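Me: I have a structure open and would like to learn how to read a few of its features. Can we take them one at a time?

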Amino acid sequence: MLIRSNITRDAFSLVELSIVLVILGLLTGGILTGQSLIRVAELRSVVSEFQRYQTAAGTYRDQYFAIPGDMTNATAFWGSMTNCGVASPSGSGTQTCNGNGNGVLEGAIVSRTGESMTFWQHLANAGLIEGTYTGISGAGGDNHAIIGVNVPASKMTNAGWSTNYIGPGFAGNASFYADSTGNQLRFGQQISTGNTHGPVLKPEEAWNVDTKVDDGKPARGLIHAVYWNNLCASADDGSSTANDPAASYRLTDTTAQCALILRNIF
């Protein structure tokens, strides 16, 4: 009897086990719900960041009569780096380099200044965005964006913003549609050899951002998808050609396949 009494006292009853299982279920559900809410907040931040940078660039143009990065007399306001446009530029504080004033955000050669990089530095110097940025391309290649160093980070994990220019005659490829997207913002993950167009969004998330800001179409309007060719998006007729703008996001794919271009905004 004593042994049986001890077993009864030490073991879990069915009621106790049920309570434990319910608690575990609530904890698991709470964690998943929390993760979902965090992701929703990050998606909202993408929209607000884009709007903030677009507004900042517009305010800059009104104040300085130039596109940030492309401004021909930036050094008159903030001082000049040494070796602007050539290898191993250097500077301190707000020191920067001038652009050529042609209205195009031209790219930066590896480890040199360029308008696509000084764009962020000029905005920060003017107090229109937070942070400090070097204005110098990284060592990984032309227009090499390093999040938090020469381009700003997003509130979305592992993502950031950069600028580029694609003019008329671009033939497109498996990543980019054949379209003149002009001066653009790029949103995505940092990569080793270029700017922030590494995949960071699921197709449904990219569609969500596109729909909030634009038309929900990956090859039309203000927002274009990156990695469109049967990854983030695909042609509606199955043609998979870069000049086919009749396309849709691949909403059934639940992996991160997308980055975004916000086109012709400066």
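Reply: Start with strand pairing: two strands count as paired if DSSP finds at least two bridges between them. Keep in mind throughout that this is a predicted model.

Me: In which sense do β3 and strand β6 pair, and over how many bridges?

Reply: Strand β3 (residues 223-226) and strand β6 (residues 259-262) run antiparallel to each other, with four bridges between them.

Me: Are the residues on the two faces of β3 buried or exposed?

Reply: Buried means under 20% relative accessible area. On one side of β3 the residues are Ile223 and Ala225, on the other His224 and Val226, and all of them are buried. Both faces of the strand are therefore covered, given that cut-off.

Me: Next, disulfides. How many does a search of the whole structure find?

Reply: A disulfide is a covalent bond between the sulfur atoms of two cysteines. The search of the whole structure gives two. With the bonded cysteines numbered in sequence order, the pairing reads 1-2, 3-4.

Me: Which parts of the chain does the disulfide of Cys232 and Cys258 tie together?

Reply: The sulfur atoms of Cys232 and Cys258 are 2.1 Å apart, and the link is right-handed, with 100° about the S-S bond. Cys232 sits in the loop between β3 and β4 (233-235), and Cys258 in the loop between β5 (247-249) and β6, so the bond ties together parts that are 26 residues apart in sequence. Cys232 has a relative accessible area of 0% and is buried; Cys258 is likewise buried, at 0%.

Me: What is the handedness of the link of Cys84 and Cys97?

Reply: That link is left-handed, with -85° about the S-S bond. The sulfur atoms of Cys84 and Cys97 lie 1.9 Å apart. Both cysteines are in the loop between α3 (74-78) and α4 (115-125), 13 residues apart. For accessibility, read each cysteine separately: Cys84 is partly exposed, with a relative accessible area of 32%, whereas Cys97 counts as buried at 3%.

Me: Last, the surface. Which residues make the nonpolar surface patch of about 280 Å²?

Reply: A residue needs over 30% relative accessible area to belong to a patch. Here the patch is made by Val15, Ile19 and Ile23. Take Ile19 as the example: Ile19 is found in helix α2 (residues 14-64), and its relative accessible area of 47% makes it partly exposed.

Notes: Residues are numbered from 1 along each chain as its sequence is written. This is a predicted model: local features need pLDDT of at least 70, side-chain atom pairs count only at pLDDT 80 or more; totals for chains, interfaces and linings use all residues. Side-chain values use heavy atoms; hydrogens and water are left out. Patches are made of residues with over 30% relative accessible area and no salt bridge: like charges are joined within 9 Å, nonpolar side chains (Val, Leu, Ile, Met, Phe, Trp, Tyr) within 5 Å. Accessible areas come from the Shrake-Rupley method with a 1.4 Å probe; for residues, only the protein chains shown count as cover. A salt bridge is a side-chain nitrogen of Lys or Arg within 4 Å of a carboxyl oxygen of Asp or Glu. Buried means under 20% relative accessible area, exposed over 50%, partly exposed in between (1.4 Å probe, protein chains only). A disulfide is a pair of cysteine sulfur atoms within 2.5 Å.
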